[in-house]
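Subject: Structure handed over, with notes

Dear colleague,

Please find below the structure that I promised to pass on, followed by my notes on it.

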Amino acid sequence: TFSKEDPPTIAIAGGGIGGLTLAKGLAEQGWKVQVFEKTAQFRRFGGPIQLASNALSTLKAFDEVFFEKVMQKFTFTGCRTNGVVDGVRSEWYCAFNAIKELPEELGLPYTGVIDRSDLQELLVENLDDEVVQNETTVVGYERKTDGGVTVKLEGGKEVEPALDAQALMSALDMDFDALVGADGIWSSVRAQMWNEPERCLPYSGVSVYAGTTVMKTADYWETGYKGWCPEIHQVLDNTDPEEVQLRPLFERPPSVLK
């Protein structure tokens, strides 16, 4: 039986947007949370992520101050034209508009985008320092007979964590009540849970370069998304080489699971 004096203890594998958002939501409810993140530090990586009106209303519901911080770095696309433009003739191949009626009817924000790195930084800033443990990879788990779970970390060390930074790696007699796998598409937690085979995909020989930049085009206030636009060369010229990332593509069969 849980109480405010003895709340549930939750381990979260993965410190991405999903894991950090869950950690914030649970912490708001008074639960004790520990996030295990394999990277040594959070670095800016990736482009924008779309947040629909229902997602924004969820963020606003559990923390209006945090919601306002998100809004400061937000770009609304739900009130603009979106689609694919012919890069030569400047004509629309196809255009689509996000649903505006429902947000207007319910008083919700329009759909929009925020840079993934900005959202991740905001989430980390709004968590206590001891919540996120970097350089720690969850490689598996073991169910305990009393209902708890022992988290297996990279290197085979098993930890029954104390939820504070100093005692975290001391293997104290404290169990997690639950483990949540938020460790991405190659989730070790999911692989063990569903007995998935080990994946080792070969390099396809094709790589993609991705970058982010900030620039205002002539139709900045009217247009949300453009798949390929006449200004593409201006976009490339305005992209800082330090913001360009190389992403190798893996060879994989046309299957959802493999």
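Where is the place of Glu135? Glu135 sits in the loop between β8 (132-133) and β9 (138-143), where helices (H or I, at least four residues) and strands (E, at least two) are DSSP runs, numbered from the N terminus.

Before the rest, a word on the source: this is a predicted model, in which local features need pLDDT of at least 70 and side-chain atom pairs count only at pLDDT 80 or more, while totals for chains, interfaces and linings use all residues. Residues are numbered from 1 along each chain as its sequence is written, and side-chain values use heavy atoms, with hydrogens and water left out.

Overall, the protein chain has seven helices and 15 strands. Of its 258 residues, 32% count as buried, where buried means under 20% relative accessible area, exposed over 50%, and partly exposed in between (1.4 Å probe, protein chains only). Among the contacts in the chain with a separation of 6 or more, 67% are accounted for by residues 24 or more positions apart, a contact being heavy atoms within 4.5 Å.

To return to the backbone, Glu135 is not a glycine, yet has a positive phi of about 55 degrees, and Glu135 is exposed, with a relative accessible area of 60%. Asn195, in the loop between α6 (188-193) and β13 (203-210), also has a positive phi, near 55 degrees, and is exposed at 69% relative accessible area. For context, most residues other than glycine have a negative phi.

Next, the aromatic residues. The structure holds two aromatic pairs, with rings of Phe, Tyr and Trp (its six-membered ring) taken to pair if their centres lie within 6.5 Å; planes under 30 degrees apart count as stacked, over 60 as edge-to-face and the rest as tilted. The rings of Phe36 and Phe176 have centres 6.2 Å apart and planes at 85 degrees, so this pair is edge-to-face. Because Phe36 lies in strand β2 (residues 32-36) and Phe176 in the loop between β11 (158-159) and β12 (178-181), the pair ties together parts that are 140 residues apart in sequence. Phe36 is buried, with a relative accessible area of 2%, and Phe176 is buried at 0%. The pair formed by Phe74 and Phe76 is edge-to-face too, at 5.1 Å centre to centre and 75 degrees between the planes; here Phe74 is buried, with a relative accessible area of 9%, whereas Phe76 is partly exposed at 28%.

Both Phe74 and Phe76 turn up again around Thr111, a residue of the loop between α4 (101-106) and β7, which is buried at 12% relative accessible area. Leaving aside neighbours within four places in sequence, the contacts of Thr111 also include Gln50, Leu51, Ala52, Ser53, Thr77 and Gly78.

In helix α5 (residues 116-125), the buried residues are Ser117, Asp118, Leu119, Gln120, Leu122 and Leu123, and what covers them includes α1 (17-28), β3 (48-51), α3 (64-72) and β7 (112-115). The N-terminal end of α5 is capped by Asp115, a side-chain oxygen of which lies 2.9 Å from the backbone nitrogen of Ser117.

A further polar contact, of 2.5 Å, joins the side chains of Ser187 and Asp183 (a polar contact is a pair of N or O atoms within 3.5 Å; within protein, one must be able to donate a hydrogen and the other to accept it, and residues adjacent in sequence count only if both atoms are side-chain atoms). Ser187 is found in the loop between β12 and α6 and is buried, with a relative accessible area of 5%.

Finally, the largest pocket is lined by 41 residues, of which Pro48, Thr212, Thr213, Val214 and Val235 lie nearest its centre. A pocket is defined on a 1 Å grid over the protein atoms alone, as an open set of points where a 1.4 Å probe fits, with protein on both sides within 12 Å along at least five of seven lines, and lining residues have an atom within 4 Å of a point. β14 (223-226) is among the elements that each supply at least two lining residues, and its four residues are the largest share.

With best wishes
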